[in-house]
Amino acid sequence: MTSFSEVTAERQIKSGPLSHVSVELGHLYMEDFQAGPDRLRQQFAMVAPWLETVRRSWQNRTPGGRARISTCFLIDDYFSRFSTPDELVPMILDAAAENDLVIDYLARESACAEADGVKLAKLVEDRLVPDPPPGTHSWRPPPHETGWLANGTRSPVAGAGQAMKPQIRWEPPTQNAKRGHSIFVDVELWNDDNRGRTWSCPFLAAVWQLLRLGLLRNEGRLPVQPVQVDGGFPRDWDELPPVVKLNKSATPFSAYTTMSVLSTRFLQVELAVRTILSQVSVDEEVLKQVLSRSTDEDLRLEEELVDRISYVFL
Amino acid sequence: MLIMGEVRTGLLQNSAEIEERDHQTVLGLLAGERVRMSRRPIVYAVSPDLLTGVDCRLPSASNARIRGVGTLVSRATITGGRILQGSSYVRVVRGEVNHRLPWSHYLARPGVVEVLGKVSAPDLAGGFLAFGPPGEQLDLGSVSDRFMDVVQESALLDLRAPFRSDRTRLRWVAETGEPGVHFILGESTGRTLRLTHHGEFSPAVVDLCEDLALHDWLLTALLTIVQRARIGGASRPEVSARLAPAVDTLLHLWMPGARIHPSLAPLWENLERTPGFSRQWQSLVERVRDQLAVNTLALLRETNG
């Protein structure tokens with residue numbers, strides 16, 4: 001028996017450690033910051049009982065009650081920059097501690113666009129496989145030519161070249177997987193201007209979910225590794241690692257499932273996130289890795305990505 | 001239930017063989033994913049797999065209205081820095097429900113098209129291999145073609161091919177069963193292949209179909225060059241000049257079964273017995289070399305006066 005193989009001819013996909021659930025305790029935007037530390041305290045006070053519920057429910061599901069639950073918090077440094085890490089992070093941690101909450105990991109929103117030199121948003125954009133309307137029998141222009149992604153067929157519109165033609169009759173948009181009636185969703189993924197490309201909030205939030213689910217790879221490697229920081233936060237956001245590990249004894253950042261406890265004002269964003277995630281093709285090898293690990297732990301994982309993501313809206 | 005695919009094969013539109021280091025750029029169709037390469041016994045590079053979503057009628061020999069929803073897998077390959085292939089395939093299975101499900105259901109099954117309603121594998125295979133007019137039916141070939149075009153659009157290529165050649169189209173269907181292979185050469189550029197193999201489907205079956213398509217294209221291209229050379233009709237220097245691209249570009253690329261999984265090798269061997277690909281190739285190569293030798297001798301005689 002002879003055998004011959006060449007390293008570059010084979011795919012090597014690394015696997016990463018996983019918790020059972022990654023709980024997002026909140027999202028911080030400029031307006032929240034401007035509202036002052038009390039707003040944050042109130043938010044954490046509302047979140048705390050839900051975290052406890054998640055914890056109990058997972059303890060019941062896992063053998064010996066050994067549920068691995070990690071918590072995370074996302075700060076926007078992409079759409080607007082405010083304060084500095086050395087000012088803001090201790091304020092968030094204090095507000096959490098007052099409500100007996102431990103934030104294990106802190107992430108910067110701009111990390112969802114690019115982290116440690118890896119263009120994560122582009123990585124995910126390339127993996128979009130658009131939901132095909134009935135009648136799609138071949139290739140279609142990809143969403144990265146328009147920057148929009150829908151879950152169905154848009155209403156027809158008269159183009160510039162059709163100005164002299166009879167008016168196009170209005171027709172309703174339709175959802176591809178409608179049951180009776182449609183809920184048509186059309187999401188803007190990005191826009192371009194003279195400063196370059198700006199990814200939309202739902203698109204970055206979709207990347208955020210994929211990171212938390214541990215489903216992204218760059219050339220087979222995990223694109224983001226949390227970095228432990230013990231106090232002493234920098235003055236510049238760019239100097240803060242994309243994902244910071246704040247709690248030494250935290251279970252892994254990524255998890256089989258995610259739970260986000262969010263204000264209801266994020267409801268629309270999350271509908272858009274789910275519309276995007278329903279159209280992302282995750283590497284088959286990575287999916288198999290995660291599935292076989294969960295099976296080893298006697299855990300039944302949902303087959304579809306979007307079914308591994310849940311929310312509490314407050 | 002049934003796997004069907006279509007491979008399109010053609011010459012990379014570049015005057016020279018592309019260099020090893022350029023494959024990553026030319027075939028890098030997906031951010032964050034490397035182009036896989038092997039260098040023995042011939043330089044071969046394959047793009048990452050890409051998915052295309054479809055929801056359409058499936059081919060049917062009896063013209064039945066069969067609707068399928070799911071994704072196709074496609075990839076592009078370059079062999080010997082010269083030959084470009086676009087290849088797409090799909091596994092057709094009976095869906096569990098008769099209505100369309102949310103798209104995330106289909107994305108959890110990459111490369112699978114689920115049929116809404118009844119379907120028979122022989123009817124589907126018959127319809128697909130018949131090369132009917134494209135119409136509204138699933139069109140694997142145009143997806144394969146598209147990926148070839150995307151590769152050809154690379155700025156690294158000078159779009160000057162060393163000679164004119166047609167893209168060939170190979171449609172194949174594969175099923176589990178007693179191993180067997182049935183290859184039909186169509187009148188123009190279409191070929192069909194029916195394949196049965198032991199065990200579950202694996203991408204090794206796709207490798208075999210691509211390898212077969214590649215060698216069928218090589219034979220077709222060499223035959224065309226020899227015909228265009230007008231041996232016996234044109235002057236000796238003209239014949240030599242017309243045969244030269246074959247020597248420069250094609251002759252060293254013949255390596256049937258080089259990357260075939262050992263379990264599928266007997267199928268290639270069957271095709272080597274009938275129709276005997278290598279036999280025909282060898283005879284053509286000898287013809288080209290004999291012509292060049294005779295013409296060189298004639299030239300020497302002329303110069304030595």
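Start by selecting B:Arg167 and B:Asp149: they form a salt bridge, with the closest N and O atoms 3.0 Å apart. (A salt bridge here is a side-chain nitrogen of Lys or Arg within 4 Å of a carboxyl oxygen of Asp or Glu.) The pair links distant parts of the chain, 18 residues apart: B:Arg167 is in the loop between helix H4 (140-152) and S8 of chain B, while B:Asp149 is in helix H4 itself. Helices (H or I, at least four residues) and strands (E, at least two) are DSSP runs, numbered from the N terminus.

Before you click on, some housekeeping: this is a predicted model, where local features need pLDDT of at least 70 and side-chain atom pairs count only at pLDDT 80 or more, while totals for chains, interfaces and linings use all residues. Residues are numbered from 1 along each chain as its sequence is written, chains are lettered from A and ligands numbered from 1 in the order in which they are written, and side-chain values use heavy atoms, with hydrogens and water left out.

Now colour by accessibility. Buried means under 20% relative accessible area, exposed means over 50%, and partly exposed is in between (1.4 Å probe, protein chains only). B:Arg167 comes out partly exposed at 29%, and B:Asp149 is partly exposed too, at 31%.

Next, select B:Glu6 and B:Arg171. Their salt bridge has its closest N and O atoms 2.7 Å apart. This one links distant parts of the chain: B:Glu6 is in strand S1 (residues 2-11) of chain B and B:Arg171 in strand S8 (residues 168-176), 165 residues apart. Are these two buried or exposed? Both B:Glu6 and B:Arg171 are buried.

Hop over to chain A and pick A:Asp38 and A:Arg41. Their closest N and O atoms are 2.4 Å apart, in another salt bridge. Both residues lie in helix H2 (residues 37-61) of chain A, 3 residues apart, about one turn of the helix. A:Asp38 is partly exposed at 48%, and A:Arg41 is partly exposed at 29%.

On to the rings. Those of Phe, Tyr and Trp (its six-membered ring) pair if their centres lie within 6.5 Å; planes under 30 degrees apart count as stacked, over 60 as edge-to-face and the rest as tilted. That rule gives 14 aromatic pairs over all chains. Select B:Tyr89 and B:Phe201: the ring centres are 5.7 Å apart and the planes at 55 degrees, so this pair is tilted. B:Tyr89 is buried at 12%, and B:Phe201 is buried at 16%.

Then try B:Phe183 and B:Phe277, whose ring centres are 5.5 Å apart with planes at 65 degrees, so the pair is edge-to-face. B:Phe183 sits in strand S9 (residues 180-185) of chain B and B:Phe277 in helix H8 (residues 277-304), 94 residues apart. B:Phe183 is buried at 15%, and B:Phe277 is buried at 3%.

Back in chain A, select A:Tyr105, A:Trp208 and A:Phe253 to see one aromatic cluster.

Last stop: charges over rings (NZ of Lys or CZ of Arg within 6 Å of the ring centre and within 35 degrees of the ring normal). The charged end of A:Arg197 sits over the ring of A:Trp190, 3.5 Å from its centre. In chain B, B:Arg259 lies over the face of B:Tyr44, 3.6 Å from the ring centre.
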